[in-house]
Amino acid sequence: MLSVDRVWVKRGNATALEDISLSLLPGQTLAVIGESGAGKSTLIGAILGLLRPSKGEITWDGGPIGACRPALVMQEPRAAFNPVLPLRQSVMEPIRAQKARVPDERIKRLCDGLEIPIDLLDRRPGEVSIGQAQRVGILRALISAPPLILFDEPLSALDAVTQKHTGRLISDLQREEGFAALIVTHDLGYAVAHADDIAVLKSGRIEEVAPSRTFALSPKTDYCRALRDAAIALGALGAVG
Ligand SMILES: Nc1ncnc2c1ncn2[C@@H]1O[C@H](COP(=O)(O)OP(=O)(O)OP(=O)(O)O)[C@@H](O)[C@H]1O
């Protein structure tokens, strides 16, 4: 289990995260929502071990978070890969780094699940669509079977239809593979459809954490009500109620 326990993180002289506590169980999805500057990237950086909390601690199953080697799916899919290498080499990099082996069968099954034709991996990042690159980014995160995957606005570069489709693929693979997923998103509709819990960050603090359906039906603070109402007005929350 991921445990973020009373964590404070400074960036420069300012406090970017203030007394954040969150938990996330294997197989579950936590969506983190917040406006620009709320601290979402800082939270991801702290969980990845790139930013050190000034107070509090982040653990996996009670031990150091680094031991679970969380994987990251970045927002800009094509920028996430070395532009001159075939995608296959970038995908296999985490495996090489861990000196591990992945059976061809697993690669094929993941490619099938993510609807990636195997020969697509012979191309360079500039030779595939954004949606394809995003799915290959998810493949790279999944390939070494990490127990925790962090998705930093994974669908924002995709059109609405591809977003929906890729969101469903992630949920299906999560059911099969059992990883815990923390997804940073601006899209409350996506969070309600795919996440078990929603955490709203505002100015470095947690505004509210709740099961996603409870959040959609009855947000507790004015800020969260405004977020929910805006999503309804955009038609992003049509199915709730
Ligand atoms: N390298 C840095 N040095 C100093 N302050 C920083 C640095 N990076 C971010 N900050 C500040 O930390 C706070 C949180 O920023 P963060 O990038 O985590 O927000 P965010 O929610 O991810 O925003 P966005 O949605 O725009 O990516 C902001 O006030 C930001 O200005």
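**A walk through the helices**

What you are viewing is a predicted model: local features need pLDDT of at least 70, side-chain atom pairs count only at pLDDT 80 or more, and totals for chains, interfaces and linings use all residues. Residues are numbered from 1 along each chain as its sequence is written.

Helix α8 itself takes in residues 222–233, 12 residues in total, and reaches 16 Å from its first C-alpha to its last, close to the 16 Å expected at 1.5 Å a residue. That expected span is 1.5 Å times one less than the number of residues in the helix. The buried residues of α8 are Cys-224, Leu-227, Arg-228 and Ala-231. Seen down the axis of α8, they fall within an arc of 95°, so they line one face of the helix; the arc is that of the directions from the helix axis to the C-beta atoms. An α-helix has 3.6 residues a turn, so residues three or four places apart point the same way. On the face of α8 turned away from its buried side sit the exposed residues Asp-222, Ala-226, Asp-229, Ala-230 and Ala-233. A residue is called buried if 20 or more other C-beta atoms lie within 10 Å of its own, exposed if 12 or fewer, and partly exposed in between, with C-beta atoms placed from the backbone. Just after α8, Gly-235 takes a positive phi of about 80°.

Next comes helix α5, residues 160–177, which has 18 residues and reaches 25 Å from its first C-alpha to its last, close to the expected 26 Å. Its buried residues are Gln-163, Gly-167, Ile-170 and Leu-173. Viewed down the axis of α5, these fall within an arc of 130°, so they line one face of the helix. What covers them includes α3, α4 and α6. The face of α5 turned away from its buried side carries the exposed residues Val-161, Arg-168, Asp-172, Arg-175 and Glu-176. Just after α5, Gly-178 has a positive phi of about 75°.

In strand β8 (residues 180–184) you can find Ala-181. With 25 other C-beta atoms within 10 Å, Ala-181 counts as buried. Leaving aside neighbours within four places in sequence, Ala-181 is in contact with Thr-29, Ile-149, Phe-151 and Gln-174. Contact here requires the C-beta atoms of two residues, placed from the backbone, to lie within 7 Å.

Now look at a pair of helices. Helix α2 (residues 87–97) and helix α4 (residues 130–142) pack at an angle of about 30°, with their axes 7 Å apart. That makes α2 roughly parallel to α4. Where they meet, α2 brings Leu-87, Ser-90, Val-91 and Pro-94, and α4 brings Val-136, Leu-139 and Arg-140. The axes are lines fitted to C-alpha atoms, for helices over the stretch in contact, and angles run from 0 to 180 degrees between N-to-C directions. Angles under 35 degrees count as roughly parallel, over 145 as roughly antiparallel, 65 to 115 as roughly perpendicular and the rest as oblique.

Glu-115 lies in the loop between α3 (104–113) and α4, and has a positive phi of about 55° although it is not a glycine. Ser-203 lies in the loop between β9 and β10, and its phi is near 50°, a positive value in a residue other than glycine.

How values were computed
Helix = DSSP H or I, 4+ residues; strand = E, 2+ residues; numbered from the N terminus.
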